[in-house]
Amino acid sequence: MQEMSNARQAIRAARDAGAEKVAPEQFKEAQTYLEQAEASLQNRNYREARRQAVAARGKAVEALGAAQAANRPDPG
């Protein structure tokens with residue numbers, strides 16, 4: 001399922017950018033959604049798995065954005 005792959009990649013990118021420290025809540029939510037999506041997939045609840053994978057990716061993107069903003073040099 002493409003959404004699962006997208007979610008995993010987004011979480012990996014967020015982790016690599018340091019989101020676990022900078023945006024721990026969003027990062028943890030992303031991981032939780034991905035875990036739920038994997039469980040739904042195992043239960044063959046594909047619609048719910050897709051919804052959760054999309055939510056996981058969204059939270060990971062939020063966490064990544066926060067990490068990138070925190071890592072930017074201060075322009076002043």
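The following legends describe an overall view and close-up views of a predicted model. Residues are numbered from 1 along each chain as its sequence is written, and side-chain values use heavy atoms, with hydrogens and water left out. In this predicted model, local features need pLDDT of at least 70 and side-chain atom pairs count only at pLDDT 80 or more, while totals for chains, interfaces and linings use all residues.

**Figure 1. Overall view of the protein chain.** The protein chain has 4 helices and 0 strands, in the order α-α-α-α along the sequence. Helices (H or I, at least four residues) and strands (E, at least two) are DSSP runs, numbered from the N terminus. Along the principal axes, the C-alpha atoms fill a box of roughly 50 × 20 × 15 Å. Of the 76 residues, 30% are buried (under 20% relative accessible area, with exposed over 50% and partly exposed in between; 1.4 Å probe, protein chains only).

**Figure 2. Packing of helix 1 against helix 4.** Helix 1 (residues 2-16) and helix 4 (residues 46-71) pack at an angle of about 20°, and their axes lie 8 Å apart. Axes are lines fitted to C-alpha atoms, for helices over the stretch in contact, and angles run from 0 to 180 degrees between N-to-C directions. Helix 1 is therefore roughly parallel to helix 4 (angles under 35 degrees count as roughly parallel, over 145 as roughly antiparallel, 65 to 115 as roughly perpendicular and the rest as oblique). Residues in the contact (heavy atoms within 4.5 Å) include M4, A7 and I11 of helix 1 and V54, R57 and L64 of helix 4.

**Figure 3. Packing of helix 3 against helix 4.** The angle between helix 3 and helix 4 is about 165°, with the axes 8 Å apart. Helix 3 is therefore roughly antiparallel to helix 4. Among the contacting residues are F27, Y33 and L34 of helix 3 and Y46, Q52 and A63 of helix 4.

**Figure 4. The largest nonpolar core and the surroundings of F27.** This core has 18 residues, and those with the most contacts inside it are I11, A14, A19, F27, L34 and A63. A nonpolar core is a set of buried Ala, Val, Leu, Ile, Met, Phe, Trp, Tyr and Cys residues joined through side-chain atoms within 4.5 Å. Helix 1, helix 3 (24-42) and helix 4 are the elements that give two or more residues to this core, and the largest share, 6 residues, comes from helix 4. Leaving aside neighbours within four places in sequence, F27 is in contact with I11, A14, R15, A19, E20 and A63.
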